[in-house]
Amino acid sequence: MSGSATTRAVAVDLLPHLRRARDHIDRHYQLALDLDQLSDVAGVSKYHFARSFGAVYGEAPVRYLTRRRIERAQDLLRSANLTVTEVCMLVGFASLGSFSSRFTQLVGESPTAYRDRWAARAGPHVPGCYLFMRGVLDPASTAGSSTAGSSTAGPAARPDRAI
């Protein structure tokens, strides 16, 4: 047998640590997460974390993060009256171009076409202004600026290390 990620056995003791990191991604997908931060959450080296995460969940942590962001973007495009750019920034992408290309790759249609297709079904939309007013969404996160001026800026918020 080869040592590929699909055939590698992962110690049972490591599973709760990997689950903790995956749950961290699920809760904080909109932040600039990097492999160092995720491996710290799991409590293992970043290389061991990346190999083990792939072996257990069938995809690299970066791919899981991207897929999670796209899934959340789909939810927002279906149910909220937000622009594609606002959705892009809310789910953690720094570039509209990379968001649109990854969305199209994973979903099979552009974010605008996806939103328009769902809008044509005449489903109820939550007005974007209401979401911002109620604090569900942070309007500063749609401005496209980094979080350098916010109190949450730290090593994970550095754009040079973001995934």
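Colleague: At what angle do helix α4 and helix α7 pack?

Modeller: Helix α4 spans residues 61-79 and helix α7 residues 111-120; helices (H or I, at least four residues) and strands (E, at least two) are DSSP runs, numbered from the N terminus. Axes are lines fitted to C-alpha atoms, for helices over the stretch in contact, and angles run from 0 to 180 degrees between N-to-C directions. The axes of α4 and α7 are 8 Å apart, and the angle is about 45 degrees.

Colleague: Which atoms do side-chain values use?

Modeller: This is a predicted model, in which local features need pLDDT of at least 70 and side-chain atom pairs count only at pLDDT 80 or more, while totals for chains, interfaces and linings use all residues. Residues are numbered from 1 along each chain as its sequence is written, hydrogens and water are left out, and side-chain values use heavy atoms.

Colleague: Which residues of α7 make the contact with α4?

Modeller: α4 passes α7 in a right-handed crossing (left-handed if the near helix is turned anticlockwise from the far one by less than a right angle, right-handed if clockwise). Contact means heavy atoms within 4.5 Å. From α4 come Gln74, Leu77 and Arg78, and from α7 come Pro111, Tyr114, Arg115 and Trp118.

Colleague: Is Gln74 buried or exposed?

Modeller: Gln74 lies in helix α4 and, leaving aside its neighbours within four places in sequence, is in contact with Phe103, Val107 and Tyr114. Buried means under 20% relative accessible area and exposed over 50%, with partly exposed in between (1.4 Å probe, protein chains only). Gln74 has 18% relative accessibility, so Gln74 counts as buried.

Colleague: How are α1 and α2 set to each other?

Modeller: The two helices pack with their axes 7 Å apart, at an angle of about 130 degrees. Angles under 35 degrees count as roughly parallel, over 145 as roughly antiparallel, 65 to 115 as roughly perpendicular and the rest as oblique. The setting of α1 to α2 is therefore oblique.

Colleague: How far apart in space are Ala94 and Ala32, C-alpha to C-alpha?

Modeller: Ala94 lies in the loop between α5 and α6, and at 74% relative accessibility it counts as exposed. In sequence, Ala94 and Ala32 are 62 residues apart; in space, C-alpha to C-alpha, the separation is 8.9 Å.

Colleague: What share of the residues in the protein chain is buried?

Modeller: The protein chain has eight helices and two strands, in the pattern α-α-α-α-β-α-α-α-β-α along the sequence. Of its 163 residues, the buried share is 29%.
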